[in-house]
Amino acid sequence: MDTIAADHARMGRPIPTQDPVQAQKDIKAFGLCIVPYVLAADKLARVRDALYRAADEDRARGWEQKFRFDYAHDDTNQRVWNLLSRDPVFADLVEHALALDLVKSVIGWPALLGNISANITGPGGGEMVLHADQIFVPEPWPANPQGVNVAWCIDDFTDENGATRFVPGSHLRNRSPAADEAATASIPLEAPAGSFIVMESRVWHKTGRNRTKHRRRAGIFAWYTRPIYRQQENWFLSLNPATRQFASDTMLVLLGYRTEGLGLVNGKSPA
Amino acid sequence: MELEAKKRQLLEDGWCVVPEILTRPEANRVRERLWQAADESERRGISTRQIGLDPNEHNVRVFNLLELDAIFRELIRHPLAIDLVTALLGPDFLISNFTANIALPGSQSMKLHSDQGIVVPEPWFHPWSINVIWCLDDIDTENGATRYIPGSHKIRWKSELPENAIGKAVPFEAQAGSIVVMDGRIWHTSGANVSKSRERALLFGYYSRSFIRPQQNWNACLSEETVASFSSQMGAWLGLDARANVKLAEPLRSRDAIP
């Protein structure tokens, strides 16, 4: 291990890498990997514009919906749900080849897309209850992670603007944090805009507090699970029909339209 | 309190049989409607034979019962069934499927399995699903009654499955009009119907915890007409609405008060 990697390991977080093999190793060792500079500048700008347009529209129209893990008194943090129905560019994130390869390395295939939503921290807000994403699975948990989150950094993630924070080594405990562990020491996941972080579902984490005066910080979270779990978003109720109509085969699997065993129609896959 | 005793048996033994929920004439009526539903399914192009679940063509499988006849929409939410489901899974469950399996003479056994174990990874510490089996015929060894391994709902890891497990399986026996209720962790198989001329019609009401994906995609397979006939409670039990699998996060909300 070189000096920089050793420094990172001491801090409990992996060194950013674009090497898929190293990224998989990082997920095993740290529960997560950081893949820097994935989106080119023009693509990032396209995604960012689409996201902030949807967020501003929601806020102007009073469409915002709080998330149960957030603090009720936090009025600056904003969630944007069902991004797939807001702009086709978000499907590109869901199906990004490297992200999907890493998802498959954690939970196998077929997998389901539970949700893709944004979490935008605002000045003075953003802090969240410490949790592991597979909280809905009763304990004791199976030996392997049941889901995986791909967090796309749409703005730079910094300690100051509310980067996601995680507890090093927590994925190895294979359980949710107890009530008296909510304040366990955590460290920020800093990464430049256009990067993504892949975090397996047992990592204890939370949104960081945005301590800036004026800056919002957007992250897009694509949440994938093994195919036995119910999706957070009911795509069959809420998805823009055009997204379904033009969906790739991979997307049909992820949305649950092309399925085996569960989610059938008359004993057969709906698509 | 007969029902309370049945609930206790379900929790302790992993199964119970509740007799005489339907009278014999009622059970006959449901069986008639089931055969009509099978015909209607075929008419709609949805095959009921050799659909890949059974060893041969002597089983008739009818899917999507809820769409095919109001009588099934009544049975799936029968108060007694819901009561037993709630006793095992708690109130936070979904209706996963409602299908029929009519075993005709000559039908063979499936493979030994637990409904929960073939879907969710071990360990299996808690019941995450339950089968409520409506008997439309008397069931016994001869006509292919479901065979189960007593105590197998306590198997938490696959390695705990006994050697020669199949040899330890015994048949349920029940009269037409009964329900056989089975914890999702009970290891079982369908029996072979070795009778000369007896049919064995069963309806399988399958319910699972709400974080598990239902077997049937109700949003995609129910007509608008059928959906319109449901109470909001039925809509919720079928997962038709926007309730999602974050309910277990609710205790965290008490921390909202922390400044």
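Let me start with a term: pLDDT is the predictor's confidence in each residue, on a scale from 0 to 100. With that in hand, look at residues 248-259 of chain B, where pLDDT stays under 50. For that stretch the model has 14 contacts beyond four places in sequence, a contact being two residues whose C-beta atoms, placed from the backbone, lie within 7 Å. Where pLDDT is low, the predicted coordinates should not be read in detail.

This is a predicted model, so local features need pLDDT of at least 70 and side-chain atom pairs count only at pLDDT 80 or more, while totals for chains, interfaces and linings use all residues. Residues are numbered from 1 along each chain as its sequence is written, and chains are lettered from A and ligands numbered from 1 in the order in which they are written. Chain B averages a pLDDT of 91, with 93% of its residues scoring at least 70. For the complex, the predictor gives an ipTM of 0.86 and a pTM of 0.90.

Now to chain A and its sheet. Helices (H or I, at least four residues) and strands (E, at least two) are DSSP runs, numbered from the N terminus. Two strands pair if DSSP finds at least two bridges between them. In chain A, 6 strands make an open, antiparallel sheet in the order β1-β7-β4-β9-β3-β2. The edges are β1 and β2 of chain A, each with a single partner strand, so one side of each has no neighbour in the sheet. On average, neighbouring strands of this sheet are turned by 20 degrees against each other, direction ignored. For angles like these, axes are lines fitted to C-alpha atoms, for helices over the stretch in contact, and angles run from 0 to 180 degrees between N-to-C directions.

Two helices pack on that sheet. Helix α3 (residues 41-61) of chain A touches β2, β3 and β9 of chain A, and its direction makes about 110 degrees with that of β2(A). Helix α5 (residues 97-107) of chain A touches β1, β4, β7 and β9 of chain A, at about 155 degrees to the direction of β4(A).

Are its faces covered or open? Both are covered: Leu32(A) and Ile34(A) on one side, and Cys33(A) and Val35(A) on the other, are all buried. Buried here means 20 or more other C-beta atoms within 10 Å of a residue's own, exposed means 12 or fewer, and partly exposed is in between, with C-beta atoms placed from the backbone. β1(A) pairs with β7 (residues 196-200) of chain A in the antiparallel sense over 4 bridges. Within that pairing, Ile34(A) stands opposite Ile197(A), and the bridge partner of Val35(A) is Phe196(A).

On to the interior. A nonpolar core is a set of buried Ala, Val, Leu, Ile, Met, Phe, Trp, Tyr and Cys residues joined through C-beta atoms within 7 Å. The largest one has 73 residues, and Val198(A), Ile220(A) and Ala222(A) have the most contacts inside it. Its largest share, 6 residues, comes from strand β9 (residues 217-225) of chain A. Beyond four places in sequence, the contacts of Ile220(A) include Leu51(A), Leu93(A), Ile116(A) and Trp152(A). A second, separate core of 63 residues includes Cys16(B), Leu84(B), Ile149(B) and Ala174(B).

Finally, some backbone details. Which residue does a cis peptide bond join to Glu122(B)? The partner is Pro123(B), with omega about 5 degrees, in the loop between β4 (113-114) and β5 (129-135) of chain B. Chain A has a cis bond from Glu139(A) to Pro140(A), with omega near 0 degrees. Asn82(A) has a positive phi, near 50 degrees, and counts as buried, with 21 C-beta neighbours inside 10 Å. Asn164(B) also has phi near 50 degrees, but is exposed, with 6 other C-beta atoms within 10 Å.
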